[in-house]
Amino acid sequence: GDEFVLPINQLNSRTECEASLQRIMGIISHPYSFDGEHIQVTASMGYTLYPDDENDADTLIRHADQAMYQAKQAGRNRIQAFDAAFDRNQRARHIQNLRIQEGIECGEFMLYVQPKIDMRLRQVIGVEALARWKHPEHGVLTPKDFLPLIEGTELEIPFGQWAIRCALDTIEKFLKSNLAIPVAVNISPRHLQHPSFTQWV
């Protein structure tokens, strides 16, 4: 493949480490000729430092690998240090997302309806469906407590599907009560643009 591990010993500081990596990056990116063509290679580097990152060899390699992927996501051809705080936040977010997924599957989420009123006609012309999480430990949570955790993750689609199902149930209840009231649902752009969205709806 195109991934390599390079252990560097006898470094006295992070600055010295980055200087060494910059020299390596310069050597890698130096143009060379091959079959009459000029070729230039770029590299994304991730690194971690022991004993600051006090872990076994396999974990150190994994941490350097994570940093390398961050370097790629940040635009490639750069050096990225492993960020322990970022890693902790990512793991905490993963655990929170698993809990949200469990909440969806266990029926802990509900839709509240907020009326839309035409002030001139003094009539309800529709309702907006607003999600709430009936958390067994923290009580009823508003979207600001969970939507930021869902945005940009694979949970956006199942959460959007749940919201649409609940909105349709609400419309059905309205119709049984002879109320023809439109229900508006917020759908994330990622869910709306998914190839199967129209078919699913």
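## Trp 133 in β6

Trp 133 lies in strand β6 (123–135), with strands (E, at least two residues) and helices (H or I, at least four) taken as DSSP runs numbered from the N terminus. The model is a predicted one, in which local features need pLDDT of at least 70 and side-chain atom pairs count only at pLDDT 80 or more, while totals for chains, interfaces and linings use all residues. Residues are numbered from 1 along each chain as its sequence is written, and side-chain values use heavy atoms, with hydrogens and water left out.

With a relative accessible area of 5%, Trp 133 is buried; buried means under 20%, exposed over 50% and partly exposed in between, using a 1.4 Å probe and protein chains only. Not counting residues up to four places away in sequence, Trp 133 touches Arg 99, Ile 100, Gly 103, Glu 108, Phe 109, Gly 139, Val 140, Leu 141 and Phe 146, where contact means heavy atoms within 4.5 Å. Trp 133 and Gly 160 are 27 residues apart in sequence, and their C-alpha atoms are 14 Å apart in space.

## Nonpolar cores

The largest nonpolar core has 21 residues, and Ile 100, Phe 109, Leu 111, Phe 146, Phe 159 and Trp 162 touch the most other members. Such a core is a set of buried Ala, Val, Leu, Ile, Met, Phe, Trp, Tyr and Cys residues joined through side-chain atoms within 4.5 Å. At least two residues of this core come from each of α3 (84–105), β5 (109–118), β6, α4 and α5, and α5 gives the most, with 6 residues.

Phe 159 touches Ile 104, Phe 109, Ala 131, Phe 146, Leu 147 and Ile 150, leaving out residues up to four places away in sequence. A second, separate core of 8 residues includes Cys 17, Leu 21, Ala 43 and Tyr 47.

Gln 161 lies in helix α5 and counts as buried, at 18% relative accessibility. Apart from neighbours within four places in sequence, Gln 161 is in contact with His 191 and Trp 200.

The 17 residues of α2 should span 24 Å at 1.5 Å a residue, and the end C-alpha atoms are 25 Å apart, which agrees; the expected span is 1.5 Å times one less than the number of residues. Buried in α2 are Thr 59, Leu 60, His 63, Ala 64, Ala 67, Met 68, Gln 70 and Ala 71. Their cover includes β3, β4 (79–81) and α3.

## Largest pocket

The largest pocket has a volume of about 1,200 Å³. Of its 37 lining residues, Phe 4, Val 5, Leu 6, Gly 46 and Ala 64 are the closest to its centre. A pocket is an open set of points on a 1 Å grid over the protein atoms alone where a 1.4 Å probe fits, with protein on both sides within 12 Å along at least five of seven lines, and lining residues have an atom within 4 Å of a point. Grid points are joined across faces, edges and corners, and the volume is the space filled by probe spheres set on the points.

Each of α1 (14–29), β3 (45–47) and α2 (57–73) supplies at least two lining residues, with the largest share, 7 residues, from α2. The lining divides into 22 nonpolar, 8 polar and 7 charged residues.

## Second largest pocket

The second largest pocket holds about 330 Å³ of space. Leu 147, Phe 159, Asn 186, Ile 187 and Ser 188 lie nearest its centre, among 17 lining residues. Elements giving two or more of these are β6, α4 (147–150) and α5 (156–176), and α5 has the largest share, 4 residues.

Notes
Ala, Val, Leu, Ile, Met, Phe, Trp, Tyr, Cys and Pro count as nonpolar, Asp, Glu, Lys and Arg as charged, and the others, Gly among them, as polar.
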